[in-house]
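I set out to record what I looked up in this entry, chain by chain. The notes are kept in the order of the look-ups.

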Amino acid sequence: MSNTSYRDIAEQGLWQNNVAFVQLLGLCPLLAVSNNTINGLGLGLATLLVLLCSNLTVSLIRYWVRPEVRVPVFVMIIASFVTAIDLLMSAFMHDLHKILGIFIPLIVTNCAIIARAEAFASKNSPGYALWDGLMMGLGFMAVLVVLGALRELLGQGTLFDQAHLMFGSGAAWLTITLFDDYQGFLLAILPPGAFIGLGLLIAAKNWLDQSKRKRTEATLATSNPDPLRLHPDQS
Amino acid sequence: MIVRQILITGAILGGFAIIGSTLVAVTYEATEERIEQAHREALLRSLHELVPHERCDNDLYHDVIEVTDKALLGSHKPTRVYRARKSGEPVAALFTSIAPNGYGGAIKLLVAINYDGSLAGVRVLQHHETPGLGDDIEAQRSDWILSFNNHSLSTLSSEQWRVEKDGGVFDQFTGATITPRAIVKAVHHTLKYFQQHREMIFNTPSMPREVESRE
């Protein structure tokens with residue numbers, strides 16, 4: 001990857017190659033925990049932190065690890081970081097940790113993390129690897145938060161419910177109740193809501209990409225006088 | 001030559017295993033106390049919600065015994081009973097009872113019973129009931145759990161200790177009868193257990209410290 005640039009990496013991680021939208025990795029925690037915004041944000045941050053640490057470490061040691069043992073070494077590194085973060089969360093965000101429960105240790109099995117270690121960090125310098133971890137992690141977290149907000153909004157008519165679990169009791173004002181006396185839309189909070197919600201989000205992303213591509217093709221076609229390069233639709 | 005390669009590779013793997021374990025060990029050492037403290041604070045908060053500070057002056061967290069009664073306390077495992085006292089006089093007992101037959105499995109309860117046998121309050125500590133239907137048992141979501149307050153075996157007969165559908169006095173929720181039924185039954189059983197064992201509960205010495213730090 002000689003033509004890697006920070007801008008490309010950011011675009012790849014946040015949009016074009018988004019972990020959850022395009023690679024469809026890490027869906028188990030994504031679907032399970034996205035029933036409200038704060039849970040999504042909590043798991044997203046933990047995953048981001050693990051991804052940063054593991055990408056940086058893997059990149060730093062990329063010349064010392066032999067190919068035969070690289071996967072076990074990567075897994076060990078990831079598992080150690082996850083365990084450490086699990087302990088830290090239990091100590092400093094005890095209530096949120098109780099809610100996220102098993103999904104924090106399960107970050108180990110999020111394929112997105114080992115995929116980034118193997119496909120990117122082990123072949124690039126620490127700066128790029130760290131940036132890639134940050135962008136991939138942010139991309140994943142964004143999907144978690146958006147899906148969480150969507151489900152929370154539809155399901156119980158609030159946003160940032162239980163914000164105090166994450167930011168302390170001073171952050172209770174963050175909770176927004178959008179509809180008073182909202183009866184709730186159960187489907188959105190239950191597992192089917194996660195699948196349908198994610199499906200709709202992916203569809204929305206594809207639609208955006210498609211209309212953008214059409215627009216660029218249209219401008220290319222009008223600015224280009226050569227009839228051979230016209231778009232088939234316009235001939 | 002091959003042996004040498006294997007040894008080097010093994011050494012690398014072993015080296016990383018040591019580094020990884022060290023990281024985990026150091027973090028564990030650094031956070032152990034804080035986790036223990038957070039755990040204790042969370043527990044004390046829920047205990048004192050039912051028996052406020054004004055009503056007791058003992059160290060609730062350490063004044064605890066374990067009792068086992070499959071039929072009345074819902075589990076073959078030991079159930080913890082925290083004891084609230086003021087100036088040495090018994091005030092209330094807080095049971096970590098289990099309602100084994102919830103819709104989504106066991107529901108962990110905290111049942112606080114005053115020394116005179118009336119309920120100081122009930123809270124749900126952990127459950128897996130359907131969100132939006134069964135989770136009205138949580139105090140943040142509805143007042144239902146407060147309807148137990150002040151009731152006892154003498155204010156209601158055995159027939160009244162049921163949900164309305166079964167001829168008792170407690171509301172069921174629309175679409176969810178199994179959940180309230182399970183909780184009413186568990187609370188009723190805990191009261192019965194308390195009535196039978198009241199003196200034993202307050203007179204048994206606390207468990208030794210090392211045992212109780214393990215959850």
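Predicted model: local features only at pLDDT ≥ 70, side-chain atom pairs only at ≥ 80, totals over all residues.

**Entry 1: chain A overall.** I looked up the secondary structure of chain A and found 10 helices and 2 strands. Read from the N terminus, the order of elements is α-α-α-α-α-α-α-β-α-β-α-α. Of the 235 residues in chain A, 39% are buried. I also looked up the contacts in chain A between residues at least 6 apart in sequence; 76% of these join residues at least 24 apart.

**Entry 2: the contact between chains A and B.** I asked how many residues each chain gives to the contact. Chain A supplies 23 residues and chain B supplies 18 residues. On the side of chain A, the elements that give two or more residues are α4 (70–92), α5 (94–100) and α9 (186–189). Which of them gives the most? I found that α4(A) does, with 12 residues. By residue class, the side of chain A that touches chain B comprises 15 nonpolar, 5 polar and 3 charged residues.

**Entry 3: domains of chain B.** Chain B is divided into domain 1, residues 1–50, and domain 2, residues 55–213. I noted a separation of 36 Å between the C-alpha centres of the two domains of chain B. The contact between them involves 8 residues of domain 1 and 11 residues of domain 2.

**Entry 4: strands paired with β5(B).** I then traced the partners of β5(B), residues 105–114. Strand β3 of chain B (residues 89–95) runs antiparallel to β5(B) and is joined to it by 4 bridges; within this pairing, Ala93(B) has Ile113(B) as its bridge partner. Strand β4 of chain B (residues 98–102) is also antiparallel to β5(B), with 3 bridges, and here Ile98(B) is partnered by Lys108(B). A hairpin through 2 residues connects β4(B) to β5(B).

**Entry 5: β5(B) and β6(B).** I counted 6 bridges between β5(B) and the antiparallel strand β6 of chain B (residues 119–126). Ala112(B) stands opposite Gly121(B) of β6(B). The hairpin of β5(B) and β6(B) has 4 residues between the strands, and in this hairpin I found Gly117(B) with a positive phi near 95°.

Terms used: Residues numbered from 1 in each chain as written. Chains lettered and ligands numbered in written order. Domains from an automatic or database assignment. Contact = placed C-beta atoms within 7 Å. Nonpolar A, V, L, I, M, F, W, Y, C, P; charged D, E, K, R; others polar. Buried ≥ 20, exposed ≤ 12 C-beta atoms within 10 Å, placed from the backbone. Pairing = 2+ DSSP bridges.
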